[in-house]
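Visitor: I have a protein model open and would like to learn how to read it. Could you take me through it step by step?

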Amino acid sequence: MSKKLRKAIDNMCKDCAYDELDKGTWRQQVAACTIKRCPLHSVRPVGDHNNSTYLTKKLLDHWRIKTVDLDDRARSILKEDNEG
């Protein structure tokens with residue numbers, strides 16, 4: 001995927017899912033997206049190039065998202081609340 005396309009997808013997902021007044025970074029909020037009917041869902045940014053983005057059960061509880069509602073990509077960055 002070209003860098004230009006990646007940036008466009010990242011920006012579209014950020015614009016759609018990110019609430020700067022809510023908990024979590026934009027990458028965490030986008031990674032936790034459960035709108036599977038979105039055409040960008042399977043290519044949304046989950047994690048980042050240095051793998052510092054992660055989700056916690058505490059964040060999911062805050063957003064009222066169940067672990068089973070996450071796709072495999074989002075579950076792969078789920079950490080225990082006391083990790084990282």
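Visitor: What average pLDDT does the protein chain have?

Guide: pLDDT is the predictor's confidence in each residue, from 0 to 100. Where it is low, the predicted coordinates should not be read in detail. Here the protein chain averages 92, and 93% of the residues score at least 70.

Visitor: How many helices and strands are there in the protein chain?

Guide: Helices (H or I, at least four residues) and strands (E, at least two) are DSSP runs, numbered from the N terminus. The protein chain has four helices and two strands, in the order α-α-β-α-α-β from the N terminus on.

Visitor: Which residues make up the largest nonpolar core?

Guide: In soluble globular proteins, nonpolar side chains tend to be buried together. Buried means under 20% relative accessible area, exposed over 50%, and partly exposed in between (1.4 Å probe, protein chains only). A nonpolar core is a set of buried Ala, Val, Leu, Ile, Met, Phe, Trp, Tyr and Cys residues joined through side-chain atoms within 4.5 Å. The largest one in this model has 11 residues: Ala31, Ala32, Val46, Leu55, Leu59, Leu60, Trp63, Ile65, Leu70, Ala74 and Ile77. Helix H3 gives the most to this core, with three residues.

Visitor: Where is Ile77 found, and which residues does Ile77 contact?

Guide: Ile77 is in the loop between helix H4 (72–75) and E2. Its relative accessibility is 13%, so Ile77 counts as buried. Contact means heavy atoms within 4.5 Å. Leaving aside neighbours within four places in sequence, Ile77 contacts Ala31, Val46, Gly47, Thr53, Tyr54 and Leu55.

Visitor: Is Thr56 buried or exposed?

Guide: Thr56 counts as buried because its relative accessibility is 9%. This residue lies in strand E1 (residues 55–56). A polar atom of the Thr56 side chain lies 3.1 Å from the backbone nitrogen of Leu59. Not counting residues up to four places away in sequence, Thr56 touches Leu78, Lys79, Glu80 and Asp81.

Technical notes:
Residues numbered from 1 in each chain as written. Predicted model: local features only at pLDDT ≥ 70, side-chain atom pairs only at ≥ 80, totals over all residues. Heavy atoms only, no water. Polar contact = N/O pair within 3.5 Å; in protein donor to acceptor, adjacent residues only side chain to side chain.
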